[in-house]
Amino acid sequence: MNVRVYVTPKKGILDPQGAAVERSLPNLGFTGVSGVQIGKIIDLTITGDGLTAAAAHEQVDDMCRRLLANPIIEDYTFEISEG
Amino acid sequence: MSSAPVRFGVVVFPGSNCDADSYHAISTFTDTSVQYLWHKDTDLKGVQAVILPGGFSYGDYLRCGAIARFSPIMQSVIDFAENGGLVMGICNGFQTLVEAGLLPGGLIRNTGLKFVCRYVNLRVETIATPFTSACQTGELLRIVVKHNEGNYTVDPETFARMQADDQIVLRYVNAAGDQDEGANPNGALDDIAGVCNAARNVFGMMPHPENSVEAGLAGGADGRKLFQSIIDTVLRAAEVTA
């Protein structure tokens, strides 16, 4: 199964990179932009005999909580697709 | 009174670059012994205090300290800390301690988006820790920072609990000893430079006391008191049990 994990700065925590980009957009004529946040995408593949979607979901959630994201400073979501 | 030296261990991760400085700093004290602890080992070799040094462990991949936190030696350091052992994390070591959950909060990118390398003034906010007991409350220490992700952040509930429990150990201040936006090198919440856990045996700080242990050299000697505090704490504990 193909997994795409999205990691973003936790809501309510200032993202210095996002803030810098947000400040530069008006210089290009893009006004009214707010809430710029810069995160990362992590792609991975999981295989396993008889791996169910539910079991894959549980595994990915666990790896996000323990390593791929730091829940104290980051939020995460992910998508799983058969591949 | 025991005259046995206080046994320090300095963890070496791939990418640590202040391990030799930390080792040297400890060896400038007469009543210490120090050895390196390799990241792949699990044996803490009977040390009484563990230093997690600065650097770029595992290339700072994913997040600073995130990979180091799962190294074999860290599992032993976590057990050691949970049993009351003294653990001090400096810079990348601090980042590793928050990743490991041994200290509250997190360290994110500096608000200026730049690597900062300069002297800062630190105010000792509490001397009720094994790492600051040789200081005076409110004392100023002038030492260096050198980091890109030193912007300390923590949720409001945890922050309130940390304040109530006297866990804010060091703050960035100006030369007069006052909090001042210009004195904060990285945007850290409430100018926080160093914190301890609720049990007070685990301490992390972004600045580098190991670079300030020799009077007459550029770094000065203001970092000595932090190491001296650890030495005093271990020797006092030995006296009690002797």
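I will start with one pair: B:R123 and B:E125 form a salt bridge, with 2.8 Å between the closest N and O atoms. The term means a side-chain nitrogen of Lys or Arg within 4 Å of a carboxyl oxygen of Asp or Glu. B:R123 counts as buried, at 17% relative accessibility. Buried is under 20% relative accessible area, exposed is over 50%, and partly exposed is in between, using a 1.4 Å probe and protein chains only.

Before going on, the conventions. This is a predicted model, in which local features need pLDDT of at least 70 and side-chain atom pairs count only at pLDDT 80 or more, while totals for chains, interfaces and linings use all residues. Residues are numbered from 1 along each chain as its sequence is written, chains are lettered from A and ligands numbered from 1 in the order in which they are written, and side-chain values use heavy atoms, with hydrogens and water left out.

Now chain B. Its nine strands form an open sheet of mixed pairing, in the order 2-1-3-4-11-10-9-6-7. Strand 2 (32-38) and strand 7 (140-147) of chain B are at the edges with a single partner strand each, so one side of each has no neighbour in the sheet. From one strand to the next, the twist averages 25 degrees. Strands (E, at least two residues) and helices (H or I, at least four) are DSSP runs, numbered from the N terminus. Two strands pair if DSSP finds at least two bridges between them. Angles run from 0 to 180 degrees between N-to-C directions, and axes are lines fitted to C-alpha atoms, for helices over the stretch in contact.

Why is strand 4 (residues 86-90) of chain B described as largely enclosed? Five of its five residues are buried, so the rest of the structure largely encloses strand 4 of chain B. On one side the buried residues are B:L86, B:M88 and B:I90; on the other they are B:V87 and B:G89. Strand 3 (residues 49-52) of chain B runs parallel to strand 4 of chain B, joined to it by four bridges. B:V87 is opposite B:V50, and its bridge partner in strand 11 of chain B is B:V202.

Helix 3 (residues 92-99) of chain B lies across strand 3, strand 4, strand 10 and strand 11 of chain B, at about 120 degrees to strand 4 of chain B. Eight of the eight residues of helix 3 of chain B are buried. Just after helix 3 of chain B comes B:G101, with a positive phi of about 75 degrees.

Next, chain A. Three strands form an open antiparallel sheet in the order 2-1-3. Strand 2 (40-45) and strand 3 (74-81) of chain A are the edge strands, each pairing on one side only. The twist averages 20 degrees from one strand to the next. Helix 2 (residues 53-68) of chain A packs on this sheet, touching strand 1, strand 2 and strand 3 of chain A, and makes about 155 degrees with the direction of strand 3 of chain A.

Last, the contact between the chains. It takes 15 residues from chain A and 15 residues from chain B, where contact means heavy atoms within 4.5 Å. The two chains bury about 1200 Å² between them, with 67% of it on carbon and sulfur atoms. Buried area is the accessible area (1.4 Å probe) that two parts lose on being put together, summed over both. Of the area that chain A buries against chain B, 39% comes from A:P16, A:L67 and A:I73, more than from any other three residues.

How many salt bridges are there between chain A and chain B? The count is one. The side chains of A:E74 and B:R63 meet in a salt bridge at 3.5 Å, N to O. A:E74 lies in strand 3 of chain A and B:R63 in the loop between strand 3 and helix 2 of chain B, so the pair joins two chains. A:E74 is buried at 11% relative accessibility, and B:R63 is buried at 8%.
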